[in-house]
Amino acid sequence: MENLKTKIRDISDFPRPGINFKDITPLVQDPATLRECVEKLIAPYKNVKITAIAGMEARGFIFGSLAAWELGVGFIPLRKPGKLPYDVQKVDYDLEYGQATLEAHIDAISPGDKILLIDDVLATGGTAKASCDLVEILGGEVIACAFVIELGFLNGRYQLSNYPIHTLLTY
């Protein structure tokens, strides 16, 4: 994982003072490292029955769609409000600085679908937990949650205590 870690850039005081942002841009710009990252992200699930991968807007789309391609399954975008053109199911949730909403098409998941949830970062766990809730409201089963980075000091995994969690890098 050390190779992946060298491709994560720290940006101080972004998006506000006191935050040390983990920038994945150098990782996704390097084809070999991006491939290594996706392979390690999906390694535990290669022999698991998965119907689709769900990824949260926006960086979860990067890793989620590539993982879906590699596993030969579909990709379900979990979007911010007003971005999807068809009928949606939504979940409202709290953030550390306000509220947010995630939406998915009502026909994106069928009852019994086995879903792997993928995002770039597990921070406080609010978005990931809301994503799990949305998948389950639509009738799917969350098989696991996989993240490139976990900010362990924010204890986000406690919000996901009902789900297996796989992370590549922990800070």
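Modeller: A polar contact is a pair of N or O atoms within 3.5 Å; within protein, one must be able to donate a hydrogen and the other to accept it, and residues adjacent in sequence count only if both atoms are side-chain atoms. The model is predicted, so local features need pLDDT of at least 70 and side-chain atom pairs pLDDT 80 or more, while totals for chains, interfaces and linings use all residues. Residues are numbered from 1 along each chain as its sequence is written, and side-chain values use heavy atoms, without hydrogens and water.

The part I take is Lys22 and its strand. The side chains of Lys22 and Asp10 make a polar contact of 2.6 Å. Lys22 lies in strand β2, residues 20–23 (strands are DSSP E runs of at least two residues, helices H or I runs of at least four, numbered from the N terminus). Lys22 counts as buried because its relative accessibility is 12%, and buried means under 20% (1.4 Å probe, protein chains only). Leaving out residues up to four places away in sequence, Lys22 touches Ile8, Arg9, Asp10, Ile149, Leu151 and Tyr171, where contact means heavy atoms within 4.5 Å.

Strand β2 also takes part in the largest pocket. That pocket is lined by 34 residues; Phe21, Arg59, Glu96, Tyr97 and Ala123 lie nearest its centre. Two or more lining residues come from each of β2, β5 (88–95), β6 (98–105), β7 and α5 (126–137). Strand β7 gives the most, four residues. A pocket is an open set of points on a 1 Å grid over the protein atoms alone, where a 1.4 Å probe fits, with protein on both sides within 12 Å along at least five of seven lines; lining residues have an atom within 4 Å of a point.

Key: Buried < 20%, exposed > 50% of the residue type's maximum accessible area, 1.4 Å probe, protein only.
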